[in-house]
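This briefing covers packing, domain layout and chain contacts. Please consult the sequence and structure shown here alongside the points that follow.

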Amino acid sequence: MAVRKLAPENMQPKSFAFSPETEAFADQQIAKYPPGRQASAVIALLFKAQEQAGGWLPQKAIEAVAAKLDMAPIRVMEIATFYTMFNLEPVGKYFIQFCGTTPCQLRGAGDIKKVLEKRIGDQNHVTADGTFSWLEVECLGACCNAPMVQINDDYYEDLTPENFDKLLDDLAAGRPVKKGSQIGRSTSEPFEAVNTLQDPSLYDGSVIGAWRKRFEETAKPAETAEPAAAAASVPQEVKAAKPTAGRPIESDVADTPAKRAKEGETPVNPADRAGAADQTKNTVVDQRKESGDKPAPQSSKSYVATPSKPEEGKVTPEAPTTPVAGTRPAQAETRRDGSESKPAVVVDKDNKTS
Amino acid sequence: MAKIIVDGVEVDVPPEYTLLQAAEAAGAEIPRFCFHERLSIAGNCRMCLVEVKGAPKPVASCAWGVRDCRPGPNGEPPEVSTKSPTVKKAREGVMEFLLINHPLDCPICDQGGQCDLQDQAMAYGVDTSRYHENKRAVTDKYLGPLVRTSMNRCIHCTRCVRFTTEVAGVEDMGALWRGEDMEITSYLEKALGSELQANVADLCPVGALTHKPEAFHYRPWELTKTDSVDIMDAVGSSIRVDSRGREVMRILPRVNEDVNEEWITDKARQIVDGLRLQRLDRPFVRENGRLRPATWQEAFATVANRVKGTDPKRIGAIVGDLAAVEEMYALKLLMQSLGVANIDARQDGTVLSPAHGRGSYLFNSTIAGIEEADAILIVGSNPRIEGSLVNVRIRKRWRQIALPIAMIGENADLTYPVDYLGAGPETLADILAGRHSFAEALKGAEKPLVIVGQGALSRPDGLAILSLAAQLAQSIGAVREGWNGFSVLHTAASRVGALDLGFVPGEGGLTAQQMAQGGVDLLFNLGADEIDVAPGAFVIYQGTHGDRGAHRADVILPGATYTEKSGTFVNTEGRVQIANRAAFAPGEAREDWAILRALSDVLGHRLPFDSLNALRAKLYAEFPHFAAIETITPADAASAVQALAGLGGSPGRDAFVSPIKDFYLTNPIARASGVMAECSALARELRLEAAE
């Protein structure tokens, strides 16, 4: 954590008073808590005061919050200094919080940092025109769109030195900028064509139980081999405690059940099961009985987008479920929003009212 | 009660006990830094880790309740181990972490030798460091003239923050920043604004906060420790006077649950330099308008000459605020033998008098009794400066139950919310007449408490006000079997002792004010420095410091301060306590009773004792309750309050004014102290700032 300190005296404004808007906000926040517990609203008030003061908390703002909440100034100061989201020194008009945590770092945050250092200078330093300042922060939680920065309240993701440089140019010039991903993808969807999970059979229900079926098929020889394994449990020969010197024991390292099955042998080496017949040594294993019945569904409601209902004769879904290659998921017909499983819930697909 | 097994010892403790308390009940010692019995539990130092059977990890015993422990599978009591290898390893780990950033400056640290961290490192420290990085460096903070900081040493136990917030009641200190950058400081490094602030240095388990005036002056193991009692106010806090050779080096609080718990005021602690400055170390005699050093014989002869030629009716004796019972008794006997009735120990003009019974001038509820009160009315007093530790008790009670507290007099910040009712006697009369809403609160209370201060009593109509307060106490049921809520808060340590002795004007005698204003030709002044003696009278001043009394004196007899003599003091509750001698008086100064004994010989009225023990034997024979040290001889308060209530009288309309203008400069010792002067200047600044 960077060393923080209060802004020097000459930077501190002489006074600070809540604007009517801040005052209203403060009263609203205080009303959330029972009488006498108004101090609970301290973080909300500090944040609002920071917003009003231009992105940082002057000493007078801390005192104003303390007075508003009937707290000792030191108590408010403790909070303002504890949380790094409160800036105690002036910041630029565009305060850039640059994510320097591992995922961003792996995706090229180092280059973004170089851009910041080149254009703005050291962190915690406001450019001469007051436009920019930046600060390296810990993970901001947009790792899938790494590298990213937060400028004031918005995230700017999928940065490259070039588009970040342009973004800063645009901001400095007052041109409109695009929030979120800078390469045009929507939220954190795959940034190029969808190329996974495309097999239509994944969505028609035909794969349900397939894995288990395959497992049962491969496991069958093992079951049939059991009597043989029991017979093999009788020691065939006395093994030497140590390999004879000079004559390395040839053992197949990759003696796996899969390999043995492929070679037409019993998947489990009978020698490994030699002790199985010895009842005293046996661990009691719950022999799972395979019955033909499917486990009862926990709920009649299916959370699969287009439930396949073989018992109703609907083997294939009514609507296409496979994304068409080349279309972005946001535009895909198959996009699900949860309304299928909860018909009573009206979902705002464009997510406008939030 | 809950059963718990600590190290194999089964104890039965209240379920709300913490494991630490339970362990102590079982005789196991638990190391701790952040935990303090009188402060809230922080649980952040982790030194008190113990092993609880069934818990996956060691637990912090200071913050883990006995009732939170799970019993064993068959209902056995929970088991705690405080000495297991796991515990030792855990504590060693904690200690290692604490020492990562703790500087190795014990040789130059004032806490060396009295340091919790040092002591506990002896038990749990490892002798090498596995840490190769630089230690963290923290800038030292300014916390005022009494507390010196060395913040590199801080281990962030937050005891100081909790003390100032909870006990002292000023939210001055806090922990800023976080994690490794955490720093303890006051808001913008302002000086602490409490009259109890120096206690934080006592509380500090390391050397981060030390006493600034004593910095680098001594090592704790060089000091001779003497148990004593503080006389800076009438609370009579238990103190320990530490001296080296002839010099008192420091004063520390002693635990006394009945009086001061374990705090003392800054004035009680830091007047140490006042004990050696401005001292009168030889007799003086005024010749041609100038005081000149003299021998004891010369001084006594001068006094004897004067006394011989003066009518006993024109002789008077005044006693100051710091006198012990012994010398007051000797002076009273001497005056009696001279036939003098003008004796008074009430230089502030208070109306309290033994005539109305002992219960009329004691803090009858007792200081510890404040913790039972459920409604408090403070009349004409600012307990925060007149009896800071009484105020601490009221605040403690207010933290237990938010009881109604109201105040009549000068409006002041008492560190807890107070209903300010009014400034003068008429408000008191209103409450008595039931015309005030607070009367209901008092009437409804189980154990109401009325505290009357000297601000209401040191005035001509004081008796009428005292009577009014007594009537109120009676009408609200404050005086009854098992509870006496009529309490007088004194400001002078000598006052209750003097009243017990009957050191008040006899038949036709003059009061202190009358004597000072020219009522006598020869005034014997035993350490009264807060009274102006009008020109004309011949003043014999027996005292310790070159203060106002000495300036006015014609003969000065140098006496001993409370650390230089064995003296009995009676606190505002009527608790008899003895201050023991920790050092010797400077130069030719002598113990006060001995001076009076020697003077009586010269005057031809030899006092009937040759030793302190003989004096005390005679004193105890006459006033048996002085022999009951450390206890309060109960007074018949009910009849005293009845008598007071019957006095009646019509009080004036003047507002109550606190007798203490400056907390730090109330007596000659404090006025001689440079530290107190500094504190006083700072407090004045703070007051000006607050007034802006």
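In this predicted model, V450(B) touches L377(B), V379(B), A469(B), L472(B), A473(B), A478(B), G485(B), F486(B) and S487(B), leaving aside residues up to four places away in sequence. V450(B) also belongs to the largest nonpolar core, which has 259 residues.

**Nonpolar core**
- The residues with the most contacts inside the largest core are V319(B), V450(B) and A469(B).

**Domains of chain B**
- The domain assignment divides chain B into domain 1 (2-97), domain 2 (101-211), domain 3 (284-350 + 511-627), domain 4 (364-489) and domain 5 (661-692).
- A distance of 25 Å separates the C-alpha centres of domain 1 and domain 2 of chain B.
- Their contact draws 15 residues from domain 1 of chain B and 18 residues from domain 2 of chain B.
- On the side of domain 1 of chain B that touches domain 2 of chain B, eight residues are nonpolar, three polar and four charged.

**Annotated span**
- An unreviewed UniProt entry places the feature "domain: 4Fe-4S His(Cys)3-ligated-type" at residues 86-125 of chain B.
- In the model, this span is 60% helix and 0% strand, and its end C-alpha atoms lie 15 Å apart.

**Contact between chains A and B**
- Eleven residues of chain A are in contact with twelve residues of chain B.
- Strand β7 (residues 173-176) of chain B gives the most to the chain B side, with four residues.
- By class, the side of chain B that touches chain A comprises five nonpolar, three polar and four charged residues.

Terms used
Residues are numbered from 1 along each chain as its sequence is written. Chains are lettered from A and ligands numbered from 1 in the order in which they are written. This is a predicted model: local features need pLDDT of at least 70, side-chain atom pairs count only at pLDDT 80 or more; totals for chains, interfaces and linings use all residues. Two residues are in contact if their C-beta atoms, placed from the backbone, lie within 7 Å. Helices (H or I, at least four residues) and strands (E, at least two) are DSSP runs, numbered from the N terminus. Ala, Val, Leu, Ile, Met, Phe, Trp, Tyr, Cys and Pro count as nonpolar, Asp, Glu, Lys and Arg as charged, and the others, Gly among them, as polar. UniProt positions are given in the numbering used here, feature names are shortened, and annotations may be inferred rather than shown by experiment. A nonpolar core is a set of buried Ala, Val, Leu, Ile, Met, Phe, Trp, Tyr and Cys residues joined through C-beta atoms within 7 Å. A residue is buried if 20 or more other C-beta atoms lie within 10 Å of its own, exposed if 12 or fewer, and partly exposed in between; C-beta atoms are placed from the backbone. Domain bounds come from an automatic or database domain assignment.
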